[in-house]
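Please look through the sequence and the structure shown below, and then follow the explanation that comes after them.

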Amino acid sequence: MQFYETDKSRGFVRGAKMHALPTPGPLNAVEAHRELDFDELWGPAIHDVARSARNGILWAANTEDLPEEHNRVTLSTKLVDPDGLPAPKIEYRISDNTRRLLKFTVERMVEAHEAAGAAHVITQELWIDQPGHLLGTARMGHDPATSVVDSYGKTHDVDNLYIADGSIFVTSGSANPTCTISALALRAGKKVVEQVSARKAQS
Amino acid sequence: MTTSSDRRLSVPPRHTKPPRPLTDREHDILLRIADTLIPAAGPNPKASDAEQFLPYLELAFAARADVFDAVVKAVNDLADVGDDELRGALKQMWANDKFTFDPLSSIIAGAYFMTPQVKELIGYPGQHRDPAGLEDAANELETGILDPVLERGPIYISAAGE
């Protein structure tokens with residue numbers, strides 16, 4: 001968490017949470033070496049590459065995507081689902097801030113590997129086959145012009161509709177979000193119970 | 001009501017059979033390709049000599065049903081390539097058609113390295129849970145590793161860095 005908070009001297013805002021993970025298996029080791037020349041990966045060499053999985057440590061990081069309006073989910077005007085309803089259209093671009101954050105974080109993880117005596121370091125700024133944490137798009141706030149739900153997850157536009165998941169985050173943060181999602185769901189749930197109880201008391 | 005056999009919506013369904021069974025001819029070509037990519041070396045058997053390689057190859061094809069047609073077509077295209085020329089043909093595919101070579105080689109390597117014999121040989125125990133003990137979090141307080149954080153106390157830095 002040393003690099004979690006904003007430090008403007010780094011050239012970007014926000015930060016990352018780094019974590020060491022168990023080493024993936026031999027096939028992951030093979031896939032991580034795809035950039036090698038044919039003869040360095042296939043043929044007799046394959047056995048050594050696969051064995052390298054035993055000696056590896058995987059550093060990974062959660063990094064923060066800022067709440068940028070160009071990243072959004074809207075309804076497609078062209079595609080429909082099997083029921084004929086408009087399909088979700090997802091627009092997502094990686095910002096310059098995120099690019100700088102990724103580069104900085106990978107450099108720190110390389111330092112961690114080297115400090116631990118790594119003989120060989122393989123870097124990857126974006127792990128595109130991972131789903132990531134899907135957060136935002138129905139962000140909370142007081143102003144209906146800039147937010148979808150209030151601080152209890154109640155939508156500004158539809159009365160009595162509550163949202164209690166990661167979509168109401170105002171920014172992604174760099175920590176794993178489940179605890180915060182649970183806390184927000186509990187907060188929304190308590191509010192719903194409070195309102196139902198108040199109405200029952202009135203009737 | 002849920003049962004242990006209910007499919008979890010958060011993970012793809014697990015298929016254990018490829019879209020169609022491979023023919024004997026396709027098996028023969030695949031074994032030749034596999035032995036070219038994974039030959040015997042030291043204590044390591046060549047792919048076709050690994051125990052249970054074919055059942056694991058079937059599992060690997062089932063797992064990559066998304067590329068089944070393209071990979072099987074590439075396999076059949078190599079049917080008439082002689083043993084002496086097979087390595088060169090695969091190297092050419094590697095250079096010119098990664099979208100076929102990568103899944104083909106991934107299926108073969110995935111099958112080989114998941115056979116129990118090879119897993120044991122390379123010292124790979126497989127994926128398993130290794131959860132932290134319930135008391136580990138409390139112990140962290142006693143070890144002093146968090147002392148600098150506790151001494152520093154809570155901090156807040158705005159998104160703008162102020």
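Which hand does the crossing of α2(B) and α5(B) have, left or right? In this predicted model, the two helices cross in the right-handed sense. Helix α2 of chain B, residues 53-63, packs against α5(B) at an angle of about 130 degrees, and their axes lie 8 Å apart.

Sorted by class, the contact of α2(B) with α5(B) holds 10 nonpolar residues and 1 polar residue, with no charged residues. Burial can be read along the helix as well: in α2(B), the residues B:Phe53, B:Tyr56, B:Leu57, B:Leu59, B:Ala60 and B:Phe61 are buried, and the elements of chain B that cover the buried residues of α2(B) include α1 (24-37), α3 and α5.

Helix α5(B) also packs against α3(B), which spans residues 68-77, and here the angle is about 90 degrees with the axes 9 Å apart. An angle from 65 to 115 degrees counts as roughly perpendicular, and α3(B) and α5(B) are therefore described as roughly perpendicular to each other. From α3(B) the contact draws on B:Ala70, B:Val71 and B:Ala74, and from α5(B) on B:Thr100, B:Pro103, B:Leu104 and B:Ile107. The residues of this contact of α3(B) with α5(B) divide into 6 nonpolar and 1 polar, and no charged residue takes part.

The contact is formed by B:Arg32, B:Ile33, B:Thr36 and B:Leu37 of α1(B) together with B:Asp83, B:Leu86, B:Arg87 and B:Leu90 of α4(B). By class, the residues of the contact of α1(B) with α4(B) comprise 4 nonpolar, 1 polar and 3 charged.

We can now turn to the boundary between the chains, where 21 residues of chain B are in contact with 22 residues of chain A. On the side of chain B that touches chain A, α4 (83-96) and α5 (98-114) of chain B each supply at least two residues, and α5(B) gives the most, with 6 residues. The residues on that side of chain B divide into 12 nonpolar, 7 polar and 2 charged.

In chain A, finally, strand β3 (residues 72-80) runs antiparallel to β4(A), and 5 bridges join the two. A:Val80 has A:Pro86 of β4(A) as its bridge partner. The hairpin of β3(A) and β4(A) has 5 residues between the strands, and within this hairpin A:Gly84 takes a positive phi near 85 degrees. Of the 6 residues of strand β4 (residues 86-91) of chain A, the number buried is 0, so β4(A) lies largely in the open.

Key
Residues are numbered from 1 along each chain as its sequence is written. Chains are lettered from A and ligands numbered from 1 in the order in which they are written. This is a predicted model: local features need pLDDT of at least 70, side-chain atom pairs count only at pLDDT 80 or more; totals for chains, interfaces and linings use all residues. A residue is buried if 20 or more other C-beta atoms lie within 10 Å of its own, exposed if 12 or fewer, and partly exposed in between; C-beta atoms are placed from the backbone. Helices (H or I, at least four residues) and strands (E, at least two) are DSSP runs, numbered from the N terminus. Two strands pair if DSSP finds at least two bridges between them. Two residues are in contact if their C-beta atoms, placed from the backbone, lie within 7 Å. Ala, Val, Leu, Ile, Met, Phe, Trp, Tyr, Cys and Pro count as nonpolar, Asp, Glu, Lys and Arg as charged, and the others, Gly among them, as polar. Axes are lines fitted to C-alpha atoms, for helices over the stretch in contact, and angles run from 0 to 180 degrees between N-to-C directions. Angles under 35 degrees count as roughly parallel, over 145 as roughly antiparallel, 65 to 115 as roughly perpendicular and the rest as oblique. A crossing is left-handed if the near helix is turned anticlockwise from the far one by less than a right angle, and right-handed if clockwise.
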